[in-house]
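Me: Got a model open here and I'd like to go through it with you. Can you take my questions as they come?

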Amino acid sequence: MIFGNIKDLDNYTYLDEKIQKCFQYAAKHDLLSYEKGRHDIDGDDLFVNIVEYETTTPEERFWEAHKYYLDLHFMLRGPEQIDGNFIQNMEQKDFVEKDDFLPLEGEPNNHVVLEDGDFLLCYPADAHRTAVAVNKPAMIKKAIFKIKI
């Protein structure tokens, strides 16, 4: 996992070109005005899902990881806590190939709080549990860039 803020992109020039393309896209488009749903950038190789939901307790949420895509969570309107761990520390369930979804069970060994402009890049080894409330439930809006590896 890589946690940062869009204001500090000069610190992340080492990231892959496809990841850089996400940041460039975010800078050129008013993602906050986008409707919920999938928006293609480069077909199935790179797209962004715009989501809006209310954060909740960890017990109401699920763990996930992906084999074929990186997730770049980019907060448009927060806050949201995302819990993390490595998939090898978790109980792995049956992979759902068509959805690139690896369900997991376990406990977090870290978490980050995303505020406006923050991002979290999740790799295939990174288990993540999203939509956890920080202090109290809040309505958030976020862009999740899906980057095919």
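Reply: Let's start with a strand pair: β2 and β3 run antiparallel and are joined by five bridges. Strands here are DSSP runs of E with at least two residues, helices are runs of H or I with at least four, and both are numbered from the N terminus. Two strands pair if DSSP finds at least two bridges between them.

Me: Before that, what sort of model is it, and what are the pLDDT limits?
Reply: The model is predicted: local features need pLDDT of at least 70 and side-chain atom pairs count only at pLDDT 80 or more, while totals for chains, interfaces and linings use all residues. Residues are numbered from 1 along each chain as its sequence is written, and side-chain values use heavy atoms, with hydrogens and water left out.

Me: Back to β3. Which residue is the bridge partner of R38?
Reply: N49, in β3, is the partner of R38. G37 stands opposite I50, also in β3.

Me: How many residues sit between β2 and β3?
Reply: Three, and the two strands form a hairpin. G43, in the turn, has a positive phi of about 60°.

Me: How many bridges join β3 to β12?
Reply: Nine, and that pair runs antiparallel.

Me: Which residues of α1 are buried?
Reply: I19, Q20, C22, F23, Y25 and A26. Buried means under 20% relative accessible area, exposed over 50%, and partly exposed in between, with a 1.4 Å probe and protein chains only.

Me: How far does α1 reach from its first C-alpha to its last?
Reply: 16 Å over 12 residues (17-28), close to the 16 Å expected at 1.5 Å a residue. The expected span is 1.5 Å times one less than the number of residues.

Me: What does Q20 contact?
Reply: Leaving aside neighbours within four places in sequence, Q20 is in contact with Y12, T13 and L15. A polar atom of the Q20 side chain lies 2.7 Å from the backbone oxygen of Y12. Q20 counts as buried because its relative accessible area is 18%.

Me: New topic. How many disulfides?
Reply: Zero, where a disulfide is a pair of cysteine sulfur atoms within 2.5 Å.

Me: Is C122 buried or exposed?
Reply: Buried, with a relative accessible area of 1%.

Definitions and conventions. Polar contact = N/O pair within 3.5 Å; in protein donor to acceptor, adjacent residues only side chain to side chain. Contact = heavy atoms within 4.5 Å.
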